[in-house]
Amino acid sequence: MKKIIIGTLVLASVIGINAPLRAQESAPAMEAAKAPEEAFAKFIVAESDIKSVTVYNNRAKITRTAILRIPAGAHTLAFKDLPPSLLSDSLRAEGSAQATVKFGAVSSKTVMSTDLASPRAAELSAKLEDLNDQTVQISAERAATDAKLAFLKSVGAQAQLRTDEDIAEINLKPDQWTAAAATLASGVLAGQKEYAAQDIRQRSLSREVDKTRRELQQLQSGGQRATFAVTVPLESDKPTELTIELSYQVPNATWEPTYDARLSSEGKGSLDLVQYGTVRQTTGEDWTGVALTLSTAQPQRGASLPDTTPLWVDAYQAGNFPSIRATPGAGADVEYLDTVKRENTQSIVAASNMADSLSPAEAPVAPPPPQKAAFVSAEINTGGFVSEYKIAGPATVPSDGSETKLMVGTFDTESKREIHIKPQMSTEAYLVAKCKLKGDSPALPGKVSLFRDGAFVGQSQIPLVRPGEEYGLYFGIDDQVSVKRKTLKDVASENGVIAKDTVLERNFVTEIQNLHKDAVDIVVKEATPVSRNEKVRVDILKEKTTEGYVADSANIKGLLQWSFAMQPKEKKELNLGWTISYPAGMTLSGL
């Protein structure tokens, strides 16, 4: 088996194609100018299918495969009806055959087709044509009705004129005149009813025509669609079967990671972090049963940095403006599948009675117990600068912009539960799962759906979390931890003999009780005032503040944090006191 690789920049002379083959390289450009079917009449059309797709954050790489018989000699392969948004500079082809096959340079061109853009557009076009035919038919019926009424009115007018002229000579026959008048009247009435029915039908048709035309205009423009055609000249020394793969990139495709975080509140609490890939695409091609890979790479058509320019700076005194100022140039929730258990009491009793009447050898063998269905995780490659997730099994993603959620895998984590309390903001206690990733694969930024004991509690976002890093996920209010906060002191006074200062003192107490049956870890965070003025002084009152806190926790100025364990039914009080001193006569802001 010999393998052939072609790229858009490969020259015919480089791969040793003879003169007759080189002469064919201009043929695709000339042939594509003809009508679409006629343009491909002399080519070998490669009937290809999409076999694999790699999705990036802003595009996708499509790989098509075709297997076809190639006669000996020089020919040109053609791939038809490719999406018009195809990025031509990303085209690449590979082939293999038992014979010696030489490829020329890949050519590509946009082809306009009279085929409508989609089956729905074709359906709407046919419907619009039928509605127009019905409109023409109504117009013909209206013309016939006009002629009939005109004739009836003419007959009536002539009869009236003849009666006026020959009234003395006419032998009146009342029955005949009555019948004639009734005939004329019924004829006119029938004509007017036909008018009314035609008007009703015409109004209904007009509404339907307008609706159909608007919908059709949204789907296609100008009654044509553009497609992309790719041609590959080749020469084979003998008849052979050729397998050829054509790959290209298209925009209008993206994916983003999403997660399910499932926390069990029993015992120490276990956390399952499941990753999915949410894929959307409007490339114009449905991906049906393809090998799908999700990649974190970010391919760009421009892969180099822009040139740097001088960063000009200048200085000037206040009020004097310089004459010149130079500036530098400018991602369907998938639930866990549980086995459905069904019991039929009568069937079980009947089977039991039958088993009692049979010998041990004849007794039926009980079926094995049902097993829980499980998802198959994607194959994850994290080497180098890029992570790739190869989705298990064939995947299908329609080209309608809808979201397709695909299973990637479950992260191996270390987790622990904590109860977080911020008493100055809320007297509610919140359940937090602190998780640390194991393995080599990071958790990419994305939306996470939160489940506590199987119940959905909300959504959140997670940033990029690398292996070994710890991140906290909030799982809502924990009603089994009681929190009460009281203000013990809030007074302002003055001190000093000559230069007087205003002193504001506040004291608080937070009462916490663990109502769980198990011990819990509590984290309490209190924000204290922080001065931005050298004349304003803030002091923590040590004698009125519970010990054991960490000052400036998480590198946040003024944030105090207490961490401790509480046994079941245990109660605890945390006290906090601080003062703010500032010159009398000044106004304090920020409280």
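Two strands pair if DSSP finds at least two bridges between them.

**Entry 1: ground rules.** I was looking at a predicted model, in which local features need pLDDT of at least 70 and side-chain atom pairs count only at pLDDT 80 or more, while totals for chains, interfaces and linings use all residues. Residues are numbered from 1 along each chain as its sequence is written, and side-chain values use heavy atoms, with hydrogens and water left out.

**Entry 2: confidence.** I checked pLDDT, the predictor's confidence in each residue, from 0 to 100. The protein averages 77, and 70% of its residues reach 70 or more. Helix α1 (residues 19–23) has the lowest confidence, with a mean of 34, and strand β27 (residues 559–566) the highest, at 95. I noted that pLDDT stays under 50 over residues 5–35, where the model has 49 contacts beyond four places in sequence; contact means heavy atoms within 4.5 Å. Over residues 321–363 pLDDT also stays under 50, and there I found 39 such contacts.

**Entry 3: the whole protein.** I counted six helices and 28 strands. Of the 591 residues, 34% are buried, where buried means under 20% relative accessible area, exposed over 50%, and partly exposed in between (1.4 Å probe, protein chains only). The protein exposes about 35,700 Å², with 52% of it supplied by carbon and sulfur atoms; the areas come from the Shrake-Rupley method with a 1.4 Å probe, and for residues only the protein chains shown count as cover.

**Entry 4: a five-stranded sheet.** I traced an open sheet of five strands in the order β17-β12-β11-β20-β21, with mixed pairing. β17 (404–411) and β21 (455–462) are the edge strands, each with a single partner, so one side of each has no neighbour in the sheet. From one strand to the next the twist averages 25°, taken between axes that are lines fitted to C-alpha atoms (for helices over the stretch in contact), with angles from 0 to 180 degrees between N-to-C directions. Strand β20 (residues 446–452) runs antiparallel to β21, joined by seven bridges. Phe-451 has Phe-456 of β21 opposite it.

**Entry 5: around β4.** Eight of the 11 residues of strand β4 (residues 60–70) are buried, so the rest of the structure largely encloses β4. I followed its pairing with strand β3 (residues 49–55), which is antiparallel over six bridges. A hairpin of four residues links β3 to β4, and Val-53 has Ile-62 in β4 as its bridge partner. β4 also runs antiparallel to strand β10 (residues 240–250), with 11 bridges between them; there I found Leu-68 partnered with Leu-242 in β10.

**Entry 6: Thr-212.** I located Thr-212 in helix α5 (residues 174–219). Thr-212 is buried, at a relative accessible area of 1%. A polar atom of its side chain lies 2.8 Å from the backbone oxygen of Glu-208. Beyond four places in sequence, Thr-212 contacts Leu-124, Lys-127, Leu-128 and Leu-131.

**Entry 7: Ala-584.** I found Ala-584 in the segment after β28 (571–583), partly exposed at 35% relative accessibility. Ala-584 is 89 residues from Asn-495 in sequence, yet their C-alpha atoms are 9.4 Å apart. Among the residues it touches, not counting those up to four places away in sequence, I listed Glu-494 and Lys-500.

Definitions and conventions:
Helices (H or I, at least four residues) and strands (E, at least two) are DSSP runs, numbered from the N terminus. A polar contact is a pair of N or O atoms within 3.5 Å; within protein, one must be able to donate a hydrogen and the other to accept it, and residues adjacent in sequence count only if both atoms are side-chain atoms.
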